[in-house]
Amino acid sequence: MWDYTDKVKEHFLNPRNVGTIENADGVGDVGSLACGDALTLYFKLDAEGRIADAKFQTFGCASAIASSSALTELIIGKTLEEAEKITNEDIAAYLGELPKEKMHCSVMGQEALEKAIAQYRGERPRQVDGNIICECFGITDHEIEKTVREHRLTSIEDVTGYLKAGGGCGNCHDKIQQIMDGVFGQPVTIQPRSKKLTNIQKIKLIEETLEREIRPTLRQDGGDIELVDVEGSQVVVNLRGTCASCSKSQVTLKSYVEAKLRELVTDDLVVEENRL
Amino acid sequence: MKNVYLDNNATTRVAPEVVEAMLPYFSDFYGNPSSMHSFGGNLGLKVREARARIAALLGAQPEEILLTSGGTESDATAIHAALAAYPHKRHIVTTRVEHPAIKNLFEQYGKNGYRVTFIPVDCEGRIDLDEFRASLSEDTAVVSMMWANNETGVLFPVDEVAAELKARGIVFHTDAVQAVGKIPIDLTRTDVDLLSLSGHKLHGPKGIGALYIRKGTKFKPFMVGGHQEHGRRAGTENVPGIIGLGKACELAAGKLNDIDTRVRGLRDRLENALLEAVPQSMINGERANRLPNTTSIAFEYVEGEAILLMMNEHGIAASSGSACTSGSLEPSHVLRAMGIPFTAAHGSIRFSLSHYTTAEEIEFVIEKMPPIIARLRQMSPFWQKAAQSG
């Protein structure tokens with residue numbers, strides 16, 4: 001069962017402003033039946049340009065209905081300039097909290113509002129720009145990148161929670177990972193550890209980092225590396241292949257291998273070549 | 001608020017007689033059946049008695065019953081045993097509508113080098129027997145096909161498939177977790193080799209189940225360790241659970257008639273009344289050939305999680321094929337495999353009744369459901385469009 005706040009439940013059971021507005025000034029339509037949720041937002045402005053009334057129709061789960069209800073409550077009384085500053089986080093905050101898996105419901109609210117305002121201003125509805133990454137839900141690389149950047153998402157599950165992307169067949173998971181890697185400059189699968197590691201944990205993590213991060217890079221240049229010993233913060237390695245004879249091997253060792261291990265294992269490691 | 005429990009395919013109430021039978025085995029007779037002393041050793045007799053009761057419900061011999069921790073372990077044990085017995089065969093077959101205990105297990109074997117065939121079903125949830133036959137080869141080690149589907153209740157042609165597989169020398173496993181205790185099963189009259197059942201689906205406790213292993217079927221243990229279960233499943237026996245499962249099986253035999261007549265009548269009354277009161281609603285799955293306690297009803301243009309939460313406000317418990325209830329974003333793989341359109345799959349609700357369901361409860365649900373659907377449809381942008389165009 002989802003862990004909804006009382007406010008989400010209350011807005012689901014007693015949603016505010018359900019319905020349509022005849023001759024609305026702005027209408028925004030997002031989602032589809034296939035996706036499992038959809039929202040149509042209507043607003044009407046008063047003489048001073050403030051949102052006098054807002055209504056919604058939503059197909060979706062409890063949090064989609066509650067998010068729509070919250071959205072209408074948030075925008076009524078605001079000018080369009082004020083309203084367009086409202087983000088999905090504001091919608092979630094208004095409801096107390098949304099489960100992570102349900103953040104896309106609040107994103108849907110923000111998108112409907114953007115679309116309705118664009119429609120009022122006579123702007124062309126935002127074209128779907130970029131390339132479709134998630135075919136199940138029609139999500140583009142631009143949308144994923146924007147959301148990853150804005151919310152600092154570091155896992156595919158988080159991206160699915162916010163955008164639904166990757167929640168269907170799963171074929172696009174590699175592409176989503178690539179987008180996240182692109183945003184953060186490097187794979188974020190191995191998180192830096194700050195807590196004190198036991199010796200065994202440290203050795204395992206060093207081996208893992210060598211295997212997953214360092215070795216593939218060295219191999220691209222025909223080199224290789226192997227772990228000989230770990231003593232305290234001293235990491236002893238053998239350089240192999242072209243690395244063994246390369247005149248820049250000490251640079252590689254310090255500026256790449258050591259830096260990478262410090263980043264992903266602990267920050268006091270010293271890497272040395274095996275002299276025996 | 002009263003609680004109307006119509007989610008018996010998820011789990012069931014433990015029968016009071018079962019609880020009573022189990023209680024002495026927690027703090028009075030807590031011995032280990034493997035012990036030399038009679039305080040423990042005597043429990044072996046009780047376990048034997050329970051095993052005989054489980055076997056009797058299935059038309060099996062007591063020594064053909066292996067006690068496990070539940071349906072999932074029984075399934076994993078069965079497939080493991082079949083593959084270990086025929087290590088040179090690298091092909092396995094199942095259906096597209098299995099419970100995750102089989103579906104995910106087969107997907108995992110697929111990642112580990114096995115060729116896996118998932119047989120499709122038609123729009124009423126019936127397996128394509130031609131496609132099934134065409135998939136079999138000399139390389140096929142095991143076929144696993146559920147006896148009854150947990151979401152729709154649709155029954156599979158187990159007897160027919162078992163006979164064909166026997167003739168071809170292919171091991172046949174059936175996940176009968178939803179069937180045992182709801183319909184009569186007589187394993188003297190069918191050629192099933194391996195059959196899984198679960199205690200908590202038939203008013204027994206959770207954490208206990210059984211795997212039927214037909215005499216002569218090659219077997220390799222899945223869990224190794226102690227010598228329990230004649231070396232076929234290690235681990236100290238869950239004595240209270242086993243006693244409870246035995247009692248539940250004994251009681252289930254006596255409830256089959258009630259389920260086939262009275263419960264079936266309540267199920268039919270529920271679905272007919274809802275289909276009549278709610279426009280654009282329909283039954284998922286072949287109506288004629290189903291478990292008598294199950295109905296899956298699609299309410300178009302509304303979303304299942306919202307329906308369930310509104311039902312919850314009235315104390316009505318059921319489940320949904322909706323994506324939003326499961327944590328994944330795709331609606332039930334069973335409904336999708338049947339080709340149920342998205343408009344209907346998202347709004348599908350499964351009601352599963354039991355021996356304890358009353359006519360009064362069913363009437364209460366019949367009264368509460370139509371306004372819930374109407375209210376959500378009134379909020380739905382698609383309902384208006386559908387109503388206008390239709």
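1. In what order do the 7 strands of the open sheet in chain B stand? The order is β2-β8-β7-β6-β5-β3-β4, with mixed pairing; strands are DSSP runs of E with at least two residues, and two strands pair if DSSP finds at least two bridges between them. β2 (65-68) and β4 (115-119) of chain B stand at the edges with a single partner strand each, so one side of each lacks a neighbour in the sheet. On average, neighbouring strands of this sheet are turned by 20 degrees against each other, direction ignored.

2. This is a predicted model, in which local features need pLDDT of at least 70, side-chain atom pairs count only at pLDDT 80 or more, and totals for chains, interfaces and linings use all residues. Residues are numbered from 1 along each chain as its sequence is written, chains are lettered from A and ligands numbered from 1 in the order in which they are written, and side-chain values use heavy atoms, with hydrogens and water left out.

3. Within the sheet, β7 (residues 194-198) and β8 (residues 209-213) of chain B pair in the antiparallel sense over 5 bridges. B:Ser198 stands opposite B:Gly209 in β8(B).

4. Helix α11 of chain A covers residues 249-264; a helix is a DSSP run of H or I with at least four residues. Its 16 residues, at 1.5 Å a residue, should span 22 Å (1.5 Å times one less than the number of residues), and the end C-alpha atoms are 21 Å apart, which agrees.

5. Several residues of α11(A) are buried, including A:Leu253, A:Val257 and A:Glu258 (buried means under 20% relative accessible area, with a 1.4 Å probe and protein chains only).

Definitions and conventions: Buried means under 20% relative accessible area, exposed over 50%, partly exposed in between (1.4 Å probe, protein chains only). Axes are lines fitted to C-alpha atoms, for helices over the stretch in contact, and angles run from 0 to 180 degrees between N-to-C directions.
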